[in-house]
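Hi,

Here is the structure I said I would pass on. Have a look first, and my notes on side-chain contacts follow below.

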Amino acid sequence: MERRTIGAAALAVGAVGLGCMPMSWAYSGSRQRGDESLRAVHRALDLGSTLLDTADMYGPFTNELLLGRVLKERRPDAFVSTKVGLLVGEQHIVANGRPGYVKRACDASLRRLQTDVIDLYQLHRADPEVPVEETWGAMADLVRAGKVRALGMCAVGARGGRRSGGRLHDTTLRQLRRMQQVFPVSVVQAELSVWSPEALESLLPWCEARGIGFLAAMPLGNGFLTGTLTPGEGFEPDDVRARHPRFTAEMMAANQPIVVGLRRIARRHGEDVTPAQVALAWVLAQGRHVVPVPGAKRERWVTQNAGAARLRLTAEDLAEIGALPGARGSWD
């Protein structure tokens, strides 16, 4: 697989990463099977999808434990990215950016992942009760201690940005400017897909201008852009899509023209090309510093996603995608 160099720290990773969250959290709990997920991670590494993206809150903790079983055997093959800053309670999620907690959390992640160093340590969310400079400073100490190689930041999500009255990523950009004064930001992770292109407006250009890598979260639109979901089929109660306004039966039906457009382009490139691969190729075409991180928990999907790295969209393809209707059913 093509490799991309992202961030000031010159982090070399496969062009398509693997989001590991669905293996343990947030998506269809009844379909989460440890052995199947382990095979999926091994398959990703075999194909060159070296970036494995996880977080201590996924599970919580079980996702890192699962990856640790693979890393114990194949640490040199993997680029490990995990996150800190969010705590999962019974009915809520809260931020914790206290320096002491961050350092303890890193040690715990290292133990679960069965590794001596984390390649990319990301701040999941800034704690509103702690100056972001203090949290980031503690994370910088981890780099100096040799426990972490580079630092990244996850952008504030859709609801947090869109309800603030400003542009979606204004809050994230303010935080990033403050963090850069303390220690270099190597990577920013934020949602970017055909049906959620908002990062193209300001966040992606900001990163590109500063040599900061960009991890595209949810590049397949939580599975919608694969064309494998049926409107009205419903989701399990623990699935995040059961509460997402774009995944009501009405909105899924209304947004089908997006999938139809991707499928039309896929057919032009060959019988075996899928809408998901076109969607990932579109993300890859947004810049050499961009790496999509699609979530998957089965070998089949990992293999398909990795194949997107070989797909080259034409100028006509990109223009056609750009002309597709915008997604309906946003947080607004």
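**Salt bridges and aromatic pairs**

The side chains of Arg268 and Glu320 meet in a salt bridge, 2.9 Å from N to O (the term stands for a side-chain nitrogen of Lys or Arg within 4 Å of a carboxyl oxygen of Asp or Glu). That pair links distant parts of the chain, with Arg268 in helix 9 and Glu320 in helix 12, 52 residues apart (helices are DSSP runs of H or I with at least four residues, strands are runs of E with at least two, and both are numbered from the N terminus).

Before I go on: this is a predicted model, so local features need pLDDT of at least 70 and side-chain atom pairs count only at pLDDT 80 or more, while totals for chains, interfaces and linings use all residues. Residues are numbered from 1 along each chain as its sequence is written, and side-chain values use heavy atoms, with hydrogens and water left out.

Glu320 also forms a salt bridge with Arg264, where the closest N and O atoms are 2.7 Å apart. Arg264 lies in helix 9 (residues 256-269) and Glu320 in helix 12 (residues 315-322), so this pair ties together parts 56 residues apart in sequence. Glu320 counts as buried at 18% relative accessibility, whereas Arg264 is partly exposed at 35% and Arg268 is partly exposed at 41% (buried means under 20% relative accessible area, exposed over 50%, partly exposed in between, with a 1.4 Å probe and protein chains only).

The whole structure has 18 salt bridges. Among them is Arg74 with Asp77, at 3.0 Å between the closest N and O atoms. Glu2, Arg4, Arg288 and Arg312 are linked in a network of such bridges.

Now the rings. A search of the whole structure turns up four aromatic pairs (rings of Phe, Tyr and Trp, the last by its six-membered ring, with centres within 6.5 Å; planes under 30 degrees apart are stacked, over 60 edge-to-face, the rest tilted). Trp195 and Phe247 make an edge-to-face pair, 5.7 Å centre to centre with 75° between the planes. Both Trp195 and Phe247 are buried. For Phe224 and Phe247 the centres are 6.3 Å apart and the planes at 80°, so that pair is edge-to-face. Trp195, Phe224, Phe235 and Phe247 form one aromatic cluster.

Which residue lies over the face of Trp195? That is Arg246, at 4.8 Å from the ring centre (the cut-offs are NZ of Lys or CZ of Arg within 6 Å of the ring centre and within 35 degrees of the ring normal).

Cheers
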